[in-house]
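Hi,

Here is the structure I promised to pass on. Have a look at it first, and my notes on what turned up follow below.

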Amino acid sequence: MNIAFFLITKKDTVYLPFHSTMRQALEKMEFYHYTAIPLVDEDGKYAGTLTEGDLLWKMKNTPSLTFADTEHIWIKDIPRRMVNTPIHINEEMENLLSLAIMQNFIPVVDDDDVFCGIIRRREIIEYFARQPLPSS
């Protein structure tokens with residue numbers, strides 16, 4: 001089945017522009033209770049995923065960092081420890097299972113790598129749970 005049926009579109013997805021600050025990321029993630037959030041560049045292309053862990057590692061590795069200082073740290077300057085692999089909009093659901101093992105959501109892009117939205121792990125698991133078991 002085509003993944004488009006499971007897509008949460010960009011307009012319904014919480015994401016951050018790549019030129020955001022660490023403080024904006026912290027506040028958005030706190031407000032939505034997210035542990036990871038997609039990043040989108042100025043051309044609308046998927047630019048990676050920022051996680052709580054990335055923010056925590058940045059704080060740990062910058063001992064003098066205060067909360068007030070986070071408004072001067074750009075997201076692009078925060079190392080990301082994990083790569084969330086995006087998929088193309090024309091993929092089939094069967095190709096998502098291996099990605100869902102490692103990612104809370106799968107970013108979806110079009111043929112020009114423009115961010116279209118996400119598919120959450122929950123929808124992937126629900127899809128496969130409804131599939132009949134193979135007969136032995």
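In helix H2 (residues 52-60), Asp 54, Leu 55 and Lys 58 are the buried ones, where buried means under 20% relative accessible area, exposed over 50% and partly exposed in between (1.4 Å probe, protein chains only). Looking down the H2 axis, the buried residues fall within an arc of 95 degrees, so they line one face of the helix; the arc is that of the directions from the helix axis to the C-beta atoms. As a reminder, an α-helix has 3.6 residues a turn, so residues three or four places apart point the same way. Leu 56 and Lys 60, on the other side of H2, are exposed. What do the buried residues of H2 pack against? They pack against H1 and strand E4 (46-51), with contact meaning heavy atoms within 4.5 Å.

A word on provenance: this is a predicted model, so I kept local features to pLDDT of at least 70 and side-chain atom pairs to pLDDT 80 or more, while totals for chains, interfaces and linings use all residues. Residues are numbered from 1 along each chain as its sequence is written, and side-chain values use heavy atoms, with hydrogens and water left out.

Now the aromatics. A search of the whole structure gives 6 aromatic pairs, counting rings of Phe, Tyr and Trp (its six-membered ring) with centres within 6.5 Å; planes under 30 degrees apart are stacked, over 60 edge-to-face and the rest tilted. One of them is Phe 6 with Tyr 127, edge-to-face at 5.5 Å centre to centre and 75 degrees between the planes. Phe 6 sits in the segment before strand E1 (8-9) and Tyr 127 in helix H4 (residues 121-129), so this pair ties together parts that are 121 residues apart in sequence. Phe 6 and Tyr 127 are both buried. The rings of Tyr 127 and Phe 128 have centres 5.0 Å apart and planes at 80 degrees, so that pair is edge-to-face too. Tyr 127 has a relative accessible area of 6%, whereas Phe 128 is partly exposed at 25%. Phe 6, Tyr 127 and Phe 128 form one aromatic cluster.

For the overall picture, the protein has 4 helices and 7 strands; helices (H or I, at least four residues) and strands (E, at least two) are DSSP runs, numbered from the N terminus. Along the sequence the pattern reads β-β-α-β-β-α-β-α-β-β-α. The C-alpha atoms fill a box of roughly 60 × 30 × 25 Å along the principal axes, and buried residues make up 38% of the 136 residues.

Cheers
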